Amino acid sequence: MKNRRWYDKDPVLKLAVDLIEKSSDSVKDYVADYIIEEAKNLGLTLSENNFDCFWQRWQDNNLKYFEAMEYLKIIDYETKKEISMEIIRYIRNFRE
């Protein structure tokens with residue numbers, strides 16, 4: 001099967017995004033805030049082009065979730081993996 005989504009290429013990123021998608025809104029809110037804060041701490045900003053298209057993905061129904069996923073997409077690979085590992089730990093601990 002061909003990787004269709006930007007995060008499918010890496011199992012850690014894929015797991016993090018899958019866990020976010022299946023989480024409650026309160027967990028999604030926390031994780032989205034975390035991703036956005038980390039991205040802004042790195043000095044990243046989103047351009048208007050990031051908001052040009054809406055598909056029918058889980059994050060498209062909430063501007064904060066959409067913004068968080070767009071930030072996660074543009075964060076450098078190593079930081080993206082670190083953030084993904086933190087998200088996985090948070091969600092797994094939240095469920096226990």
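Phe94 is partly exposed, with a relative accessible area of 46%; partly exposed means between buried (under 20%) and exposed (over 50%), using a 1.4 Å probe and protein chains only. This is a predicted model, where local features need pLDDT of at least 70, side-chain atom pairs count only at pLDDT 80 or more, and totals for chains, interfaces and linings use all residues. Residues are numbered from 1 along each chain as its sequence is written, and side-chain values use heavy atoms, without hydrogens and water.

**Aromatic pairs**
- Rings of Phe, Tyr and Trp (its six-membered ring) pair if their centres lie within 6.5 Å; planes under 30 degrees apart are stacked, over 60 edge-to-face, and the rest tilted.
- The count by this rule is three aromatic pairs.
- Tyr30 and Tyr90 are stacked, because their ring centres are 4.2 Å apart and their planes at 20 degrees.
- Tyr90 also pairs with Phe94, and this pair is tilted, at 5.9 Å centre to centre and 35 degrees between the planes.
- One aromatic cluster is formed by Tyr30, Tyr90 and Phe94.

**Place in the chain**
- Helices are DSSP runs (H or I, at least four residues), numbered from the N terminus.
- Tyr30 sits in helix 2 (residues 25–41) and Tyr90 in helix 4 (residues 77–95), so their pair ties together parts 60 residues apart in sequence.
- Tyr90 and Phe94 both lie in helix 4, four residues apart, about one turn of the helix.

- Tyr30 is partly exposed, at 44% relative accessible area.
- Tyr90 is partly exposed too, at 26%.

Terms used:
Helix = DSSP H or I, 4+ residues; strand = E, 2+ residues; numbered from the N terminus.
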